[in-house]
Each structure stands twice: as C-alpha cells, then as structure tokens.
Amino acid sequence: MMDMGATSGLGFMKMHGAGNDFVVIDSRGRGAVMSAGLARALGDRHRGVGFDQLAEIRDHEGADFALDFWNSDGSRAGACGNATRCVCDYIMRDLGRDAVALVTARGRLHAVRRTDGLVSVNMGAPQLLWSEIPLAREVVPDSLPLAGAPAAVGMGNPHCVFFVEDAEAVDLAGQGAAVETDPLFPERTNVEFASLIGPDRLRLRVWERGAGITLACGSGACATAVAAARRGLTGRQVVLEMDGGPLEVDWREDGVWLSGPVAHVFEGRLSPAMMALA
Ligand SMILES: N[C@@H](CCC[C@H](N)C(=O)O)C(=O)O
C-alpha cells in the first residue's frame, strides 16, 4: 500500500486504462479529502496534474473499499469503468488477491484479474428506463427524438449512443458538446459515436460529460455494446476499438462485464499550495 499522506503532502497515483487517465487518491484509514474545487484544480493539465477522472478510495464496511469519481471539470460521476478497473488492479495487488468487491454510487460491484492480465469489472445491469438513465421526459430510450435517432443507456451514468457510417468523420467536439447539454438529459450525458467494423467489432469515439474527448471510456463501451446488441447489430460479446486501444464488453446474465488493460504510471505528492485549493 502506498504511503498516501503520512509524511508531507497528499500522495496520489497516476494510472490509465487504454489512455483514459486518472489521478487516484487512497483515503483508506482516514477521512475523504476530495472537493469539487480540488478536483478541478488537479484536473488542469497545465497548472495541476491533469486527468480525465479522479478516483478517491474510501473504507467501506462489507466490501473491500468504496470508490468516488470526479470529472476534470469538478463534477461528480456515478460510474467510471476504466478507473474502477485501474483501482481494482491496485487494490488486488495491495491485498494479494485476484478478485475484489467494491461499492460505488451504483452499488456493489465485483472485479477480477484474468489469466491474460486484463482486469474485468462487472458494471451491473444496464439502465434502460427513461427515468433511470435519466431522461427529462418519457420517450423511448432505444431511439431518441434527436437527429440520428441515438439510443440512451444508463450504466450508473448517462450515455447517448449514435450509430454512424463512419465514426472517424464525426465532428466529435462540436456534436459531443451539443448533445452533452441537450435538454433531454437533465444531468447532461456522455456521448458515443460508433461504427460497425466487423462481426461483433465496433469503432468507438467518445465525448465525456465533464471531461470532453477522451481516448477511451469504459462505461461508454458498455453502453454502446448494450445499444448495439439491442438493435441487433452485434451479439452480446463485443470488442470496441477506441482511440486508446481495444476494450472488451460481455453482456451476461449477471451484468455487463468490461475488460481491458491497466497501467500504473507514477506516484507523487501534492504541494500545500495545491491542497489549499480544497
Ligand atoms: N471514463 C469513464 C466515465 C467517466 C464518467 C463520465 N465522464 C460521467 O460524467 O459520467 C469510464 O471509463 O467509464
């Protein structure tokens, strides 16, 4: 276990999963420290550390740990598949195990290390009711009344999935930002553009709520796989080619399993000046 604060400054780790990058703060054994202001300051890639999401680990009775997520704009997220996989890798190494149980805003989740080294997390059942996703009014989530008839899927956070001929050709920043704040999504939304590139293989580009364009999004990969299977475009086991590399999704009876690589990049300590921003 890393010394996350015993000496000077608050310790942190930098990790990524397929290029979706995270600051991880281990607050087990003490109170949570994160605030919207500190998350925003640390998320600044010029004046802070820089990340797509920040994950804070907390103690939790009845599970190995609890996990909270923050986007780089300081907003909270109910789910983050890739950060969950990264933190589970760290905790599995710390506990000397190949399986862990954690609690997030979504509820209790399970993760395992596969024999090929990839880390898998069961992200739970998809949310397919308009009120759960949530949408602002009662419409059919499989085909939203927006240009391109995207599908809405909740994975503990909202996603709006467009199936397009060529995901490369999409103006991701322009369209992503516009859809993120469409009034149909009362809590804003993550936005996915997917094209079928082979049997059970999709090219996927993502605009994340609160973070903008990212190289990969685990919950977005799950939401896209669920939407693709529901439209009959793929089976329930899919590979998603993201800018940062492939992620695997397997929609099973017990939930949507997300698998992919994890990387531990470096550790550091925040200065008192940075902590004063909390
Ligand atoms: N990168 C993520 C999703 C992070 C949260 C998202 N931006 C939100 O606000 O819902 C993932 O890997 O799932």
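Two residues are in contact if their C-beta atoms, placed from the backbone, lie within 7 Å. Among contacts in the protein between residues at least 6 apart in sequence, 64% join residues at least 24 apart. This is a predicted model: local features need pLDDT of at least 70, side-chain atom pairs count only at pLDDT 80 or more, and totals for chains, interfaces and linings use all residues. Residues are numbered from 1 along each chain as its sequence is written.

Start with the overall build. The protein has five helices and 17 strands. Helices (H or I, at least four residues) and strands (E, at least two) are DSSP runs, numbered from the N terminus. The C-alpha trace spans about 55 × 40 × 30 Å along its principal axes. For 278 residues, a compact globule would have a radius of gyration near 19 Å, and the protein agrees with its 18 Å. That radius is taken over C-alpha atoms, and the globule rule is 2.2 Å times the number of residues to the power 0.38.

Next, look inside. Buried residues make up 48% of the 278 residues. A residue is buried if 20 or more other C-beta atoms lie within 10 Å of its own, exposed if 12 or fewer, and partly exposed in between; C-beta atoms are placed from the backbone.

Now find the ligand. It is surrounded by 19 residues, and the closest are Ala77, Asn82, Asn157, Gly218 and Ser219. Helix 2 (81-95) and helix 4 (218-230) are the elements that give two or more residues to this shell. Domain 1 (10-119 + 262-275) and domain 2 (151-253) both give residues to the shell, so the ligand lies between them. The domain bounds come from an automatic or database domain assignment.

Two shell residues deserve a visit. Asn82 sits in helix 2. It counts as buried, with 35 C-beta neighbours inside 10 Å. Beyond its neighbours within four places in sequence, Asn82 is in contact with Gly17, Ala18, Asn20, Ala216, Gly218 and Gly260.

Gly218 belongs to helix 4. With 29 C-beta neighbours inside 10 Å, Gly218 also counts as buried. Leaving out residues up to four places away in sequence, Gly218 touches Gly17, Asn20, Cys80, Gly81, Asn82, Arg85, Leu247 and Leu258.

Definitions and conventions
A residue is near a molecule or strand if its C-beta atom, placed from the backbone, lies within 6 Å of it.
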